[in-house]
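How do packed helices sit against one another in this model? The report below takes the pairs in turn.

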Amino acid sequence: MIQEKKEQAEMKRKVQEEELRENHPYFDKPLFIVGREHRFRNFCRVVVRARFNASKTDPVTGAVKNTKYHQLYDLVGLVTYLDWVMIIVTICSCISMMFESPFRRVMHAPTLQIAEYVFVIFMSIELNLKIMADGLFFTPTAVIRDFGGVMDIFIYLVSLIFLCWMPQNVPAKSGAQLLMVLRCLRPLRIFKLVPQMRKVVRELFSGFKEIFLVSILLLTLMLVFASFGVQLFAGKLAKCNDPHIIAREDCYGIFRINVSVSKNLNLKLRPGEKKPGFWVPRVWANPRNFNFDNVGNAMLALFEVLSLKGWVEVRDVIIHRVGPIHGIYIHVFVFLGCMIGLTLFVGVVIANFNENKWNAEDPVTTPLAAMSVVFTFIFVLEVTMKIIAMSPAGFWQSRRNRYDLLVTSLGVIWVILHFALAVTLKMLLLTVVVSMYKSFFIIVGMFLLLLCYAFAGVVLFGTVKYGENINRHANFSSAGKAITVLFRIVTGEDWNKIMHDCMVQPPFCTPDNNTYWKTDCGNYAGALMYFCSFYVIIAYIMLNLLVAIIVENFSLFYSTEEDQLLSYNDLRHFQIIWNMVDDKREGVIPTFRVKFLLRLLRGRLEVDLDKDKLLFKHMCYEMERLHNGGDVTFHDVLRSVDIRKSLQLEELLAREQLEYTIEEEVAKQTIRMWLKKCLKRIRATSSQQQLLSPTLSDRGGYRQDSTEAGKPQRKFGQWRLPSAPKPISHSVSSVNLRFGGRTTMKSVVCKMNPMSDVASCGSEVKKWWTRQLTVESDESGEDLLDI
């Protein structure tokens with residue numbers, strides 16, 4: 001059903017394109033200059049769309065033949081030659097950016113500028129070719145027709161402006177530094193160039209509406225608790241750094257702090273001698289990482305609590321400085337925000353996960369497994385005899401014997417896994433393999449995002465002074481160390497403390513107004529957006545997509561016989577039936593043989609022709625339509641007979657039938673109400689005309705056809721007994737209102753006013769219909785209308 005709607009929309013789009021080509025001379029002309037069939041444009045099309053295609057087709061049947069290295073050929077033919085070149089250029093440019101740091105900047109390193117020039121030149125050639133071939137705007141295949149095209153143009157413009165400008169001095173928090181941060185989006189070009197990466201982005205945005213609504217719910221909950229927290233704790237969490245001072249009025253002057261060199265070191269002090277220490281000024285201040293003095297700081301503190309990082313510290317400070325009863329505030333927020341709100345967020349991400357299509361490796365057949373067992377037994381016998389003959393020490397002297405022992409041991413392990421623990425371990429291994437394949441592009445997408453954030457972190461926080469968590473092991477001085485820190489943040493390890501270290505401001509650091517690489521201060525707003533966005537995207541969305549993949553495959557392949565969707569026995573039975581139909585062991589069968597395969601299936605995959613005849617016809621039709629009568633693979637048929645697809649089809653058909661029934665009843669009720677209003681209006685108009693103009697009723701009576709007297713007349717589905725002719729002023733029921741009959745509403749109006757001509761009758765009809773359609777719904781009349 002969905003595929004048919006897509007085909008109808010595609011046909012409609014093609015028809016519209018043909019009409020636009022015929023009626024609009026500038027349609028499908030790149031930049032409104034190059035003609036549709038210009039030779040230069042055709043040349044650009046050939047360059048842009050050229051790709052590797054090693055698939056051979058049968059000249060008789062047209063079926064695609066599988067070659068020996070078809071997997072490698074499919075990988076090479078995944079994208080066009082031009083996109084392969086740009087992928088390689090982008091990767092080389094990203095590798096060059098890995099060597100940049102605050103101490104080795106691209107503005108002052110000619111070797112790093114080479115990759116910058118190469119990237120801009122190649123991307124200029126690519127965009128020019130694509131614009132000449134497909135157009136920039138307002139063409140069917142324009143470069144800027146989706147978000148990916150906009151992102152390509154944006155990355156190109158940022159790189160071009162930076163290359164032309166190449167600022168020598170970049171002040172902190174300036175436009176030049178922002179341009180360098182935007183330049184770090186360059187790895188995202190891979191999302192546009194690789195089709196599977198675009199599919200990952202579509203999966204992320206497929207549930208964006210639901211994710212956005214849940215985010216609004218969580219933000220609203222945080223805003224309510226933040227406002228309440230400001231009322232409770234504003235100004236109450238601060239204290240003096242001198243532990244002997246309680247009141248704020250007394251917190252002034254200086255005091256002495258003793259320095260403890262070591263706990264185990266006992267200094268022998270002379271009488272009157274003090275411990276080593278130094279004098280510091282007294283300061284009345286909030287806790288270092290959080291406060292509730294305003295709504296913004298309160299929401300930041302609650303967001304950190306929402307990630308379950310440092311919430312115990314927040315609770316302990318509140319209990320110590322305000323009171324034990326106020327600890328309930330944090331506990332209630334943790335329960336509502338984390339246990340309910342955050343779980344709902346994760347559930348929405350998993351629910352909106354769209355399952356990718358996957359292809360597992362072909363199963364090992366029984367003869368090959370038997371041969372493997374035989375050879376493994378021979379190898380074991382050989383190794384045993386050598387060990388007995390040479391002794392274990394003599395056997396271990398030869399490297400060839402060690403290699404034999406390794407191969408034999410692996411063979412024994414395979415036999416044990418294949419036979420002794422076949423079902424359970426095979427299901428677990430199949431879950432892992434399929435999950436790794438399906439999550440590969442999501443992992444690559446995570447790495448690309450992590451790479452962009454690492455490059456931006458080097459620009460923003462590359463010279464931040466060491467603090468509580470920023471130290472010589474964890475810092476942003478280079479892209480490699482930044483990746484390490486971000487990977488640590490992915491696991492949630494003290495990410496909020498790293499964020500606060502990157503927020504350090506004067507007087508706790510040394511600022512510099514000329515260049516950002518000479519200051520050791522942080523960026524408060526930049527750190528807030530940087531770390532919060534990274535944690536939400538990676539920890540809450542991307543990681544939960546990986547969880548969704550594993551849960552999906554685990555529920556599909558590894559569960560009990562009672563509640564599993566597709567058991568190992570079902571897969572094995574399908575393999576046996578497939579081998580019976582695919583007698584040539586080619587891995588594909590013609591579509592006309594699918595119906596024979598479906599009839600042979602038993603168990604959960606069985607399609608009962610008596611009960612599920614519609615489902616059987618639907619699957620056969622979909623196979624022929626999707627593959628155009630060609631060959632279908634093992635997994636194409638397996639997906640079509642999956643029990644989940646069957647349930648979805650049955651539910652879809654039942655829902656469509658219910659919707660059709662509801663629409664039919666609504667249409668009937670609408671017609672009944674409309675006819676009742678029409679009848680009531682006609683009667684009201686006739687009564688008013690009878691009171692205002694008695695002669696009109698006489699004329700109307702005179703106009704009555706005397707030949708109709710004595711004939712049975714039907715009134716809206718009810719038959720009236722023959723009666724004498726009556727004037728229309730006394731009864732309007734004598735007028736026959738028929739849909740498609742001879743007596744129409746125009747004749748009724750004209751009979752009411754016989755002095756009017758045809759034009760006036762037409763205007764009267766128009767006015768009458770306008771009144772009927774615009775008047776509000778009145779109470780239904782006493783007469784019942786039968787439909």
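## Helix 6 and helix 7

Helix 6 and helix 7 cross with a left-handed sense. This is a predicted model. Helix 6 covers residues 147-165, and helix 7 covers residues 175-183. Their axes lie 9 Å apart, at an angle of about 135°.

Which residues make the contact? From helix 6 come F154, V158, I161, F162 and W165. Helix 7 answers with A176, L179, M180, L182 and R183. By class, the contact of helix 6 with helix 7 holds nine nonpolar residues, no polar ones and one charged.

## Helix 4 and helix 5

Helix 4 spans residues 81-98, and helix 5 spans residues 110-134. The two pack at an angle of about 155°, and 9 Å separates their axes. Angles over 145 degrees count as roughly antiparallel, so helix 4 and helix 5 are roughly antiparallel to each other. Their crossing is left-handed.

On the helix 4 side, the contact residues are L82, D83, V85, M86, V89, T90, S93 and S96. On the helix 5 side, they are L112, A115, V118, F119, F122, M123, E126 and K130. The contact of helix 4 with helix 5 comprises ten nonpolar, three polar and three charged residues.

## Describing a pair

Two numbers describe a pair of packed helices: the angle between the axes and the distance between them. For helix 4 and helix 5 these are about 155° and 9 Å. For helix 6 and helix 7 they are about 135° and 9 Å.

Conventions. Residues are numbered from 1 along each chain as its sequence is written. This is a predicted model: local features need pLDDT of at least 70, side-chain atom pairs count only at pLDDT 80 or more; totals for chains, interfaces and linings use all residues. Side-chain values use heavy atoms; hydrogens and water are left out. Axes are lines fitted to C-alpha atoms, for helices over the stretch in contact, and angles run from 0 to 180 degrees between N-to-C directions. Helices (H or I, at least four residues) and strands (E, at least two) are DSSP runs, numbered from the N terminus. Angles under 35 degrees count as roughly parallel, over 145 as roughly antiparallel, 65 to 115 as roughly perpendicular and the rest as oblique. A crossing is left-handed if the near helix is turned anticlockwise from the far one by less than a right angle, and right-handed if clockwise. Contact means heavy atoms within 4.5 Å. Ala, Val, Leu, Ile, Met, Phe, Trp, Tyr, Cys and Pro count as nonpolar, Asp, Glu, Lys and Arg as charged, and the others, Gly among them, as polar.
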